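Please look over the structure shown here before reading on. The text then goes through its main features in turn.

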Amino acid sequence: MSPNVITTPVRAMLVLGTRPEAIKLAPVARAMAASPLFEPVVVTTGQHREMLHQMLELLQVPASVELDVMRDRQELSKLTARLVDGLGDVVRAQRPDLVVVQGDTTSALTGALAAFYEHVPVAHVEAGLRTGVLDNPFPEELNRRLIGRMARWHFAPTTRAAGHLTAEGVPAAEVFVTGNTVIDNLLWVLDQGNGRDLFHSDLRHVLVTLHRRENQGDKMRAMGRTLRRLADRGDVEIVLPLHKSPAVREALLPELSDHPAVRIVEPLGYVDFSATLAGCDLVLTDSGGIQEEAPTLGKPTLVLRTTTERPEAVDAGAARLVGTEPQAILEAATRLLDDEEAYARMAKAGNPFGDGLATERIVAQLAEDFGADAGAAPTPEPLVVPQPGGPGSYSTA
């Protein structure tokens, strides 16, 4: 980038379409809005429209541009085409100096692609996650690899993620280990104290989230039956915020809707979800982001997937990859509920994903590369987290 001192704010277009993207880009948008060096332009794609509006208001992130691309049960190819077309129009109209995307969603991929087509540099937040299996998770693994070929700045959450990128040929000078912005935002939200904990009983609190495409269908129905068996213990309260996906609802509602120990609720706003996470004892999830948040709060996490692109939590002992087989899930949950020592080891493992300063590192690096003056705040020290397994990922296969 140009070494000249910034004389006009850097126009940064932040693309988000899903709740996880909003959560992880919110601290970046807030920091840029508070800095005279940046002019953030927040673009929402409309993929999680109902969940996003209220949450963005609570996170103090106003949207500048809103697209409308969602159609009921639309094919992924049609969603991708609409997003590339719509985001291309926005890039041409807004003329940003850079485009910021997060993670591995279809909106992140198409945001990067639209920027690439218009010769606008791309910053990738949460870069370098890999499972090593191209279609698991689907389509996220392919999305993040493709973004990695287009990005100019690769903000990796951990040294392991950074190692994936350099192993793939990304120049080391373009890879920055920052920690994960999800930790920054979680700490900010909990400090606000506005969330509502959905657990109501004195029983053991189990928080469950399920939604992944590769788990839908027979696998998810089997998981629903497993959760029912867990609820039959009589000493647990399960809270399940139910994803809006019809496929998820068709799989889980018949198995769980009539059980008195299972509270099925509509998708929670981020602040309520954070409070509920803080109030739980155990997490069962196929989500990626919760694997990063739960260790900060000392919540043991069972990952209901056959692979994870976040093996750092497994290395640290804060999470366990248990797969999707019903008996394995039930046995792992039962052990943590019954074995105090096993539970304590996971609860006290700590969080390998960040120290709450990821946003500062990202914004400072961008300011430096766009020519911030010498009076700008210095970049925090690099985050170095030991990775016992070295570059790689985990699979139950």
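This is a predicted model: local features need pLDDT of at least 70, side-chain atom pairs count only at pLDDT 80 or more; totals for chains, interfaces and linings use all residues.

Residues are numbered from 1 along each chain as its sequence is written, and side-chain values use heavy atoms, with hydrogens and water left out.

The protein has 15 helices and 15 strands; helices (H or I, at least four residues) and strands (E, at least two) are DSSP runs numbered from the N terminus. Its radius of gyration is 21 Å, close to the 21 Å that the globule rule gives for 397 residues, so the protein is as compact as a globular protein of that length. That radius is taken over C-alpha atoms, and the rule is 2.2 Å times the number of residues to the power 0.38.

How much of the protein is buried? Of the 397 residues, 57% count as buried, meaning under 20% relative accessible area with a 1.4 Å probe, protein chains only.

The largest nonpolar core holds 37 residues. Such a core is a set of buried Ala, Val, Leu, Ile, Met, Phe, Trp, Tyr and Cys residues joined through side-chain atoms within 4.5 Å. Leu14, Met32, Phe38, Leu98, Trp153, Phe155 and Leu366 touch the most other members. Helix α1 (residues 19–33) gives the most to this core, with 7 residues. Apart from this core lies another, of 32 residues, among them Val206, Leu240, Val248 and Val322.

Technical notes
Buried means under 20% relative accessible area, exposed over 50%, partly exposed in between (1.4 Å probe, protein chains only).
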